Amino acid sequence: PGWFSEMSPMWPGEAHSLKVEKILYQGYSEYQDVMVFQSATYGKVLVLDGVIQVTERDECAYQEMITHLPLCSIQNPKKVLVIGGGDGGVLREVSRYSSVEQIDICEIDKMVVEVSKQFFPNLAIGFEDPRVNLLIGVAFLKNAPEGTYDAIIVDSSDPIGPAQELFKKPFFETVCMALRPGGVVCTQAESIWLHMHIIEDIISNCRQIFKGSVKYAWTTVPTYPSGVIGFMLCSTAGPFVDFQHPVHLIDENDDLNKSMGPLKFYNPEIHSAAFCLPSFAKRVISSK
Ligand SMILES: NCCCN[C@H]1CC[C@H](NCCCN)CC1
């Protein structure tokens with residue numbers, strides 16, 4: 001009945017709208033307002049504090065890129081940590097790797113997990129993998145184990161709200177300590193059309209903390225404001241990581257991948273292309 005418009009001070013003067021067929025859930029967790037609606041053309045939509053998180057139609061772009069950009073850049077990831085990601089989509093993508101032995105996920109809001117399990121079975125399937133350990137809350141981050149993870153994926157919402165700490169320097173230091181030498185992190189890194197200042201801050205923090213590679217990639221997600229979303233890819237000191245040329249090819253015929261269904265978005269060419277930037281962004285990002 002009507003339209004949902006995504007308005008926010010984070011993208012002033014613009015709003016992406018989706019035609020609503022039916023509101024399926026509305027609730028308040030201890031951290032944020034949670035809503036799910038059936039849209040006319042993008043499937044079900046998850047909204048937190050008025051901000052679109054995932055839609056069934058285009059979530060593949062975000063979940064596949066934020067996961068495979070880091071994991072295809074290293075050999076044989078074994079231990080993976082997901083921060084945020086309570087909808088389960090990133091877990092689904094991480095579970096495609098037979099080399100992975102342990103997937104820890106640290107999500108602040110258990111309502112996101114419960115709502116995803118109820119309304120987004122194709123994302124929550126990620127929680128069914130026996131390698132997954134779900135930790136609710138932030139305590140884990142306060143004393144994350146050092147030098148443990150091959151890869152950390154920070155699948156966060158935006159700087160205004162519960163995820164604001166995940167965009168600050170101390171958090172990047174915690175992530176760096178939790179990684180093994182040559183380990184990689186991939187974070188949700190906003191939009192080059194909307195947030196060049198946020199991106200500049202993230203880049204300068206990351207260049208100070210991560211002594212390996214620091215690269216920015218981006219992709220298209222129609223239902224995120226400005227239609228694009230970026231990723232910050234960093235590696236710690238140790239074995240060199242060339243993010244722009246994947247060293248691992250996902251084998252779509254192995255059992256794990258078959259059970260997750262074919263990749264809808266990610267492929268090796270779009271992996272490399274994701275690091276090509278328009279001049280206005282390249283000028284800022286490469287110079288930092
Ligand atoms: N697993 C999906 C989690 C969703 N991540 C974020 C949801 C909010 C979205 N705002 C985009 C704001 C403009 N860059 C960024 C991705």
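These legends describe close-up views of one predicted model.

Residues are numbered from 1 along each chain as its sequence is written, and side-chain values use heavy atoms, with hydrogens and water left out. Because the model is predicted, local features need pLDDT of at least 70 and side-chain atom pairs count only at pLDDT 80 or more, while totals for chains, interfaces and linings use all residues.

**View 1. Helix 3 and the elements that cover its buried residues.**
Helix 3 spans residues 110–119, and its buried residues are Met-111, Val-112, Val-113, Val-115, Ser-116 and Phe-119. Buried means under 20% relative accessible area, exposed over 50%, and partly exposed in between (1.4 Å probe, protein chains only). Helices (H or I, at least four residues) and strands (E, at least two) are DSSP runs, numbered from the N terminus. The cover over these buried residues includes strand 2 (16–28), strand 3 (33–39), strand 4 (44–48), strand 7 (102–107), helix 4 (121–124) and strand 8 (132–136). At the start of helix 3, a side-chain oxygen of Asp-109 comes to within 3.0 Å of the backbone nitrogen of Met-111.

**View 2. Helix 6 and its buried residues.**
Helix 6 covers residues 169–178, with Phe-171, Phe-172, Val-175, Cys-176 and Ala-178 buried. These residues lie on the same side of helix 6, because they cover an arc of only 165 degrees around the axis; the arc is that of the directions from the helix axis to the C-beta atoms. An α-helix has 3.6 residues a turn, so residues three or four places apart point the same way. The buried residues of helix 6 pack against strand 6 (79–84), helix 5 (139–142), strand 9 (149–155), strand 10 (179–188) and helix 7 (196–209).

**View 3. The largest cavity.**
A search of the whole structure finds 1 cavity of 30 Å³ or more. On a 1 Å grid over the protein atoms alone, a cavity is a set of points where a 1.4 Å probe fits but cannot get out, and lining residues have an atom within 4 Å of a point. Grid points are joined across faces, edges and corners, and a volume is the space filled by probe spheres set on the points. The largest cavity holds about 40 Å³ of space. Its lining consists of Val-154, Ser-156, Leu-166, Phe-167, Phe-172, Thr-187, Gln-188 and Ile-202. By class, the lining has 5 nonpolar residues, 3 polar and no charged. Ala, Val, Leu, Ile, Met, Phe, Trp, Tyr, Cys and Pro count as nonpolar, Asp, Glu, Lys and Arg as charged, and the others, Gly among them, as polar.

**View 4. The largest pocket.**
A pocket is an open set of grid points with protein on both sides within 12 Å along at least five of seven lines. The largest pocket contains about 750 Å³ of space. Its lining is made up of 46 residues, and Ser-156, Ser-157, Pro-162, Ala-163 and Leu-166 lie nearest its centre. Elements that give two or more residues to this lining include strand 5 (51–55), helix 1 (59–71) and strand 12 (228–235). Strand 5 gives the most, with 4 residues. The lining residues divide into 23 nonpolar, 15 polar and 8 charged.

**View 5. Gln-53 in strand 5.**
Gln-53 counts as buried, at 14% relative accessibility. Leaving aside neighbours within four places in sequence, Gln-53 is in contact with Leu-46, Val-47, Leu-48, Ser-157 and Tyr-224. Contact means heavy atoms within 4.5 Å.

Ser-226 is partly exposed, with a relative accessible area of 28%.

**View 6. Ser-99 in the loop between helix 2 (89–94) and strand 7.**
The side chain of Ser-99 reaches the backbone oxygen of Pro-77 at 2.7 Å. Not counting residues up to four places away in sequence, Ser-99 touches Asn-76, Pro-77 and Lys-78.

Key
A polar contact is a pair of N or O atoms within 3.5 Å; within protein, one must be able to donate a hydrogen and the other to accept it, and residues adjacent in sequence count only if both atoms are side-chain atoms.
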